[in-house]
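The following report walks through selected features of a single protein chain. Please look over the sequence and the structure before reading on.

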Amino acid sequence: MEEKSVGRSFLILSLAGVLVKILSAVYIPLLTLIIGPAGYGIYSSSYSAFVFILAVTSMGAQPAITKVVAELKALGYHKDAYNAMKIARNYLAIFGFAFMVIFIAFGDGIANGMNSPSSALSLKFLAPTILLSAMLAAYRGYMQGVDSMKEIAVSQVIEQVFNVAFSLIFAFLLKNISLEWGSAGGTVGTTIGALIAIVYVIYIFNKNDYYTEAIRSNEEGKRISKKRIVNKIIQYGLPITMVAAVQNSAGLVDAIIVKGRLLAAGFEQIRVDELFGTLNYFNTLIYVPLTIVTALCTAIFPRIIASYVQKNRKELKNQISYSYRLTYLITIPAAIGLSVLSKEIFLFLL
């Protein structure tokens, strides 16, 4: 693939990612205005646990599925690449359902373990999203593997738009019941957004008829066994999932340690929730440059896999070099800008 093609996919995903982060940046102060700093602290605690479980069930799965799909597609096993998505989707649905039940059944215990008993209701409201996101990971992983980046970008924007809109609506409607209900209302949009996104993705799958395309492209009816496909998914998915879990455990660790130490210092629970909300309030801005880098990884990942499998060392070297150049072009100015203008940005957000 030429760099122009990578650049187009990168641009589409970057714009979608930045738009999603802008919506998040607008959403957080509005949510805080509705439910207050303590309510946002409760919301943040529940999201810390949710994101960690999401990393285990979805974030690590999507790149693993992409790798399997892109690899099989590059070798001519187009039908098996499609079957890999179906197999992964079925296993992820079981996995996601199990964690959904755990969140609903043991939400109170998990919340108490995070020193945030008020987050129990929010955790239970977030539970269905675990199942929906796990299934979304399978579909998006396949789309990424076959280079359907536009569809991925549109599904991400749709998900976030519905997330923001319905979260604010339900937070406003439920805040009059109690602070816990208001915070839980702020998570309703997450489930609705994921539901709308998966409906859209399934619609695109049917519209684009990926299955017929896979059969038509399959070289000489080439096939590999289901057992080998499952082994590949596990082989690629397990280490990626472990890395994703470690990367996304920081928020959960913060919730446990920071809240625990504040409680031990004698602060009341509502004040602890307020302070923890303040800690999480400015994280969204920091992740904007990382969103652009993630978009680059999403766009270029299938091409690197294809070049490696096809033993095209020149193309592989070009793709890796291209990704490094773009990464440094984004991250170095972002790091300097956030460091030099940190006070101004902080005051602006206040």
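## A serine in helix H5

Once its neighbours within four places in sequence are set aside, Ser-133 is in contact with Leu-54 and Ser-58. The model described here is a predicted one, and in it Ser-133 is found in helix H5. With a relative accessible area of 11%, which falls under 20%, Ser-133 is buried.

## A buried threonine between two helices

Thr-187 lies in the loop between helix H7, which covers 179–185, and helix H8, which covers 188–208. Because its relative accessibility is 0%, Thr-187 counts as buried. Not counting residues up to four places away in sequence, Thr-187 touches Tyr-43, Ser-46 and Tyr-47, along with Ser-122, Phe-125, Leu-126 and Ser-167.

## Aromatic pairs

How many aromatic pairs does the count come to? The count comes to 14 aromatic pairs. One of them joins Tyr-40 and Tyr-43, whose ring centres are 5.7 Å apart and whose planes meet at 25°, so this pair is stacked. Both residues lie in helix H1, where Tyr-40 and Tyr-43 are three residues apart, about one turn of the helix, and Tyr-40 is buried, as is Tyr-43.

Another pair is made by Tyr-142 and Tyr-210, with ring centres 5.6 Å apart and planes at 85°, so that this pair is edge-to-face. The pair links distant parts of the chain, since Tyr-142 belongs to helix H5 and Tyr-210 to helix H9, 68 residues apart. Tyr-142 and Tyr-210 are both buried.

Elsewhere, a lysine is placed against a ring: Lys-67 lies over the face of Tyr-236, at 3.9 Å from the ring centre.

## The second largest pocket

The second largest pocket holds about 390 Å³ of space. It is lined by 17 residues, and those closest to its centre are Ala-61, Leu-92, Ile-233, Ile-234 and Gly-237. The elements that give two or more residues to this lining are helix H1 (3–59), helix H2 (61–74), helix H3 (78–105) and helix H10 (226–247).

Which element gives the most to the lining of the second largest pocket? That element is H10, with six residues. By class, the lining of this pocket has 13 nonpolar residues and four polar residues, and no charged residues.

## Two loop residues with positive phi

Asn-115 has a phi near 60°, a positive value in a residue other than glycine. The place of Asn-115 is in the loop between helix H4, covering 107–113, and helix H5, covering 120–145. Is Asn-115 buried, partly exposed or exposed? With a relative accessible area of 22%, Asn-115 is partly exposed, because the range for that class begins where buried, meaning under 20%, ends.

Asp-209 likewise has a positive phi in a residue other than glycine, here near 50°. Asp-209 is placed in the loop between H8 and helix H9, the latter covering 210–217. The relative accessible area of Asp-209 is 36%, and Asp-209 is therefore partly exposed.

Note on methods:
Residues numbered from 1 in each chain as written. Predicted model: local features only at pLDDT ≥ 70, side-chain atom pairs only at ≥ 80, totals over all residues. Heavy atoms only, no water. 1 Å grid on protein atoms, 1.4 Å probe; cavity = no way out; pocket = protein on both sides within 12 Å on 5 of 7 lines; lining within 4 Å. Points joined across faces, edges and corners; volume = space filled by probe spheres on them. Helix = DSSP H or I, 4+ residues; strand = E, 2+ residues; numbered from the N terminus. Nonpolar A, V, L, I, M, F, W, Y, C, P; charged D, E, K, R; others polar. Buried < 20%, exposed > 50% of the residue type's maximum accessible area, 1.4 Å probe, protein only. Contact = heavy atoms within 4.5 Å. Phe/Tyr/Trp six-rings, centres within 6.5 Å; stacked < 30°, edge-to-face > 60°. Lys NZ or Arg CZ within 6 Å of the ring centre and 35° of its normal.
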